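User: I would like to go through this structure step by step. Could we start with a single residue and then look at helices, the sheet and the loops?

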Amino acid sequence: MRLLVLSDIHGNKEAFGAVIDNVKQQDIDACIILGDMIDYGMHSNEVIQIAKAIPYPVICNIIGNHEDAILRGDYDRFSSERGRLSAKHTKSILTEESVQYITNKMHNQGVLEFECAGKKCLSVHGSLEDYYWKSIRPEDILIVYKKYDYVFSGHSHIPHYFEKYYEESNPTLRNKKKTIFINPGSVGQPRNHNPMTQYVILDIETEEVQFCKVEYDIEKEQKAFTDKVDVFYRDRLTVGV
């Protein structure tokens, strides 16, 4: 069972298109989307159209902090005025079709439990401490994640993979319970000093994980930006910060 794991596309049509093109020759069974399809970039509506055409089952599709804030019209938790202005602009250009997709096709709580290939999985945009605004970090993992085999998260725009071994009464496994944590990084606004579009392909049964990085036409995406959004969100695409 091979999963395509995506997060934080952020209205970047060229990046998202490059991902879809790159996985055409891959053996993919299903897709997980971890939120923040929209905002920052100029192509939120187009990104949703691409998502609607993904050619395999989307078994998890949760909203992120940007979908949540924009649909509710509540921008207080954005850390900068440029972020608030970008979100307000995105709200102003979303089509009714896009709003209906977010409302009806994305799970509206930013967190979802599900089973896949006999594995108990959790997808959360941020973390169980704050579904939308606090990222999972290896140094402060909660005991509550112990019950899952896989925990998928986004929000930080920085990829991670780590395993946590919890204490458990299970002599066969030397009294340990393993949980695997995966953040695929960001498709459309990477922040790990690598400007390429980033995603994960996971074989959920063998635990084989591929962190994929693909070049895309950054300049073409940047040319679509207007003065409605701070140039910061355009320029950061060049260096991945």
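User: Where is Thr 90 found?

Analyst: Thr 90 belongs to helix α4, which covers residues 81–93. Please keep in mind that this is a predicted model.

User: Does Thr 90 count as buried or exposed?

Analyst: Thr 90 counts as buried, because its relative accessibility is 2% and the cut-off for buried is under 20%.

User: Which residues does Thr 90 touch?

Analyst: Leaving out residues up to four places away in sequence, Thr 90 touches Ile 38, Asp 39, Tyr 40, Ser 44 and Ile 70.

User: On to helix packing. At what angle do the axes of α2 and α5 cross?

Analyst: The axes of α2 (residues 44–52) and α5 (residues 96–105) cross at roughly 55° and come within 10 Å. The two helices are therefore oblique to each other. The crossing in which α2 passes α5 is left-handed.

User: Which residues meet there, in α2 and in α5?

Analyst: From α2, the residues are Asn 45, Ile 48, Gln 49, Ala 51 and Lys 52; they meet Glu 97, Ser 98, Tyr 101 and Ile 102 of α5. By type, the residues of this contact divide into 4 nonpolar, 3 polar and 2 charged.

User: Now the sheet. What is the order of the 5 strands?

Analyst: The order is β4-β5-β6-β8-β7, in an open sheet with mixed pairing. β4 (111–116) and β7 (160–167) stand at the edges; each has a single partner strand, so one side of each is left without a neighbour in the sheet. From one strand to the next, the twist averages 20°.

User: How many bridges join β7 to β8?

Analyst: There are 8 bridges between β7 and β8 (residues 176–183), and these strands run antiparallel.

User: Last topic, the loops. What is the phi of His 157?

Analyst: His 157 has a positive phi of about 65°, although it is not a glycine. Most residues other than glycine have a negative phi. His 157 lies in the loop between β6 (150–153) and β7, and it counts as buried at 2% relative accessibility.

User: And what about the phi of Arg 174?

Analyst: The phi of Arg 174 is also positive, near 55°, and Arg 174 is not a glycine either. Arg 174 is found in the loop between β7 and β8.

User: Is Arg 174 buried or exposed?

Analyst: Arg 174 counts as exposed, because its relative accessibility is 74% and the cut-off for exposed is over 50%.

Terms used
Residues are numbered from 1 along each chain as its sequence is written. This is a predicted model: local features need pLDDT of at least 70, side-chain atom pairs count only at pLDDT 80 or more; totals for chains, interfaces and linings use all residues. Side-chain values use heavy atoms; hydrogens and water are left out. Axes are lines fitted to C-alpha atoms, for helices over the stretch in contact, and angles run from 0 to 180 degrees between N-to-C directions. Helices (H or I, at least four residues) and strands (E, at least two) are DSSP runs, numbered from the N terminus. Angles under 35 degrees count as roughly parallel, over 145 as roughly antiparallel, 65 to 115 as roughly perpendicular and the rest as oblique. A crossing is left-handed if the near helix is turned anticlockwise from the far one by less than a right angle, and right-handed if clockwise. Contact means heavy atoms within 4.5 Å. Ala, Val, Leu, Ile, Met, Phe, Trp, Tyr, Cys and Pro count as nonpolar, Asp, Glu, Lys and Arg as charged, and the others, Gly among them, as polar. Buried means under 20% relative accessible area, exposed over 50%, partly exposed in between (1.4 Å probe, protein chains only). Two strands pair if DSSP finds at least two bridges between them.
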